[in-house]
Amino acid sequence: MKKVFHKILSVLMAFVVMLTTMSYTVDMHYCGDSLVDFSLFTKAEGCGMEKAQPAKSCENPSMTEKSCCTDQQIVKEGQDDLKTSFNKLTFEQQTFVATFFYTYINLFEGLDENIVPFKDYSPPFIERDVQILYETYLI
């Protein structure tokens with residue numbers, strides 16, 4: 001259970017690092033007040049109304065109608081301040097690495113022979129059969 005939890009936590013932390021360092025852009029195209037197109041990494045396509053020529057009014061030839069379409073773009077910049085290499089280690093870091101390595105290596109030292117602590121003792125005498133006495137049976 002502990003290994004599974006450790007693996008899940010490792011994958012989760014990898015995703016956290018990936019998502020915080022990644023940049024992305026959200027592009028949206030509105031016609032009036034309604035959202036027509038939504039795009040996460042590419043430019044949102046228009047609805048075609050922005051290409052249509054607005055009709056000119058006969059009374060005021062200098063005044064042109066404004067298009068009802070708008071584009072909105074949201075940009076999220078990722079982090080660029082991650083430390084990727086260790087060129088210099090401080091004395092405290094060197095001490096930590098040395099002690100960690102020493103203790104990690106000593107974890108896997110095995111015994112020369114298998115020691116069985118109870119090999120000189122005889123098994124206990126069974127006075128009565130407890131399973132039959134209490135009528136508990138393994139299925």
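Met28 sits across from Phe38 of strand β2; strands here are DSSP runs of E with at least two residues, and helices are runs of H or I with at least four, both numbered from the N terminus. The model is a predicted one, so local features were kept at pLDDT of at least 70 and side-chain atom pairs at pLDDT 80 or more, while totals for chains, interfaces and linings take in all residues. Numbering starts from 1 along each chain as its sequence is written, and side-chain values rest on heavy atoms, with hydrogens and water left out.

Strands β1 and β2 run antiparallel and are joined by 5 bridges; two strands count as paired once DSSP finds at least two bridges between them. The two make a hairpin with 2 residues between them, and Gly32 in that turn shows a positive phi of about 70 degrees. On the other pairing, β1 (residues 24-31) meets β3 in the antiparallel sense over 8 bridges.

What about the cysteines? The model has 0 disulfides, a disulfide being a pair of cysteine sulfur atoms within 2.5 Å. Cys69 is in none, and the nearest cysteine sulfur, belonging to Cys31, lies 3.0 Å away. Cys69 comes out as buried at 13% relative accessible area, and Cys31 is buried too, at 15%. The cut-offs are under 20% for buried, over 50% for exposed and partly exposed in between, using a 1.4 Å probe and protein chains only.

Next come the aromatics. A ring pair is described by the distance of the centres and the angle of the planes. Rings of Phe, Tyr and Trp (its six-membered ring) pair if their centres lie within 6.5 Å; planes under 30 degrees apart are stacked, over 60 edge-to-face, and the rest tilted. The count by this rule is 2 aromatic pairs. For Phe96 and Phe100 the ring centres are 6.1 Å apart and the planes at 20 degrees, so this pair is stacked. Both residues belong to helix α2 (residues 91-107), 4 residues apart, or about one turn of the helix. Phe96 is exposed at 55% relative accessibility, whereas Phe100 is partly exposed at 48%.

Phe100 also stacks with Tyr104, at 5.9 Å centre to centre and 20 degrees between the planes. Again the two are in helix α2, 4 residues apart, about one turn. Tyr104 is partly exposed, at 43%. Through these ring pairs, Phe96, Phe100 and Tyr104 are linked into a cluster.
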